[in-house]
Amino acid sequence: MARSRTLAAVASLVAVAACSDLSIDPAIDRITVPIANPSFSGDIEPVLKETCASSGACHSGPNVPSTMDLDPGQAWASIVNVLTKVSGAAYAPAPYRVRPGFPDSSLFYRVLSEDAVYRLGYYRMPQTRYPLPAPIIATIRNWIANGAPNN
């Protein structure tokens with residue numbers, strides 16, 4: 001059990017090291033007020049492209065960890081109704097990346113938090129100097145709460 005946790009920690013560090021630009025400021029101004037009924041293609045995917053799948057980011061190109069490809073056209077299928085690949089008692093049962101209708105049961109939403117306990121011990125995402133602005137996080141929550149449609 002301890003060995004598997006050590007291996008998981010090493011794999012996480014390797015994934016972090018593979019991300020070449022952790023100094024970008026994701027405080028993008030794309031969404032300045034939470035959107036009640038966001039669309040994936042018009043609201044969520046552009047944020048992912050700018051912060052998670054931009055050039056040198058962690059979830060794009062050869063750096064894609066655990067099949068979580070957040071490139072445009074791939075992101076929705078990589079996160080919605082996909083179980084997170086984790087091990088250990090702290091993660092049982094493994095959470096969904098996005099569980100439509102349930103933001104608090106969606107690891108994709110939880111890792112945006114500043115609270116490590118709420119994130120289940122995962123790194124805050126994106127792994128940049130600054131977290132996403134609150135209106136963007138609220139918009140992502142609304143998208144998941146609305147069923148995470150691929151629209």
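Reader: Which side chain does Asp 104 meet in a salt bridge?

Author: Side chains of opposite charge can pair when their charged atoms come close. In this predicted model, the partner of Asp 104 is Arg 141, with 3.1 Å from N to O. The two belong to distant parts of the chain, 37 residues apart: Asp 104 sits in the loop between helix 3 and helix 4, and Arg 141 in helix 5. Asp 104 is partly exposed at a relative accessible area of 36%, and Arg 141 is likewise partly exposed at 29%.

Reader: How many salt bridges does the structure hold, and with which residue does Glu 114 form one?

Author: The structure has 2 salt bridges. Glu 114 pairs with Arg 124, and their closest N and O atoms are 3.2 Å apart. Both residues lie in the loop between helix 4 and helix 5, so this pair ties together parts that are 10 residues apart in sequence. As for accessibility, Glu 114 counts as exposed at 54%, whereas Arg 124 is buried, its relative accessible area being 14%.

Reader: How should the confidence values be read, and which helix has the lowest mean pLDDT?

Author: Where pLDDT is low, the predicted coordinates should not be read in detail. The protein as a whole has a mean pLDDT of 78, and 66% of its residues reach 70 or more. Over residues 1–18, pLDDT stays under 50, and the model has 10 contacts beyond four places in sequence for them.

Reader: Which residues of the largest nonpolar core touch the most other members?

Author: A core is best read through its members and then through the elements that supply them. The largest nonpolar core has 23 residues, of which Leu 48, Ile 79, Val 98, Phe 108, Ile 140 and Trp 143 touch the most other members. Two or more residues come from each of helix 2 (40–51), helix 3 (75–79), helix 4 (107–110) and helix 5. Helix 5 gives the most, with 5 residues.

Reader: What does Phe 108 touch, leaving aside residues up to four places away in sequence?

Author: Phe 108 touches Leu 48, Ile 79, Arg 97, Val 98, Ile 140, Trp 143 and Ile 144.

Reader: Against which helices do the buried residues of helix 2 pack?

Author: They pack against helix 3, helix 4 and helix 5. The buried residues of helix 2 include Phe 40, Ile 44, Val 47 and Leu 48, and also Asp 43 and Glu 45. At the start of helix 2, Ser 39 places a side-chain oxygen within 2.9 Å of the backbone nitrogen of Gly 42.

Reader: Is Ala 148 buried or exposed?

Author: Ala 148 counts as buried, because its relative accessibility is 2%. Its phi is also positive, near 50°, and it belongs to the segment after helix 5.

Terms used: Residues numbered from 1 in each chain as written. Predicted model: local features only at pLDDT ≥ 70, side-chain atom pairs only at ≥ 80, totals over all residues. Heavy atoms only, no water. pLDDT = per-residue confidence, 0-100. Contact = heavy atoms within 4.5 Å. Core = buried A, V, L, I, M, F, W, Y, C linked by side-chain atoms within 4.5 Å. Buried < 20%, exposed > 50% of the residue type's maximum accessible area, 1.4 Å probe, protein only. Helix = DSSP H or I, 4+ residues; strand = E, 2+ residues; numbered from the N terminus. Salt bridge = Lys/Arg side-chain N within 4 Å of Asp/Glu carboxyl O. Polar contact = N/O pair within 3.5 Å; in protein donor to acceptor, adjacent residues only side chain to side chain.
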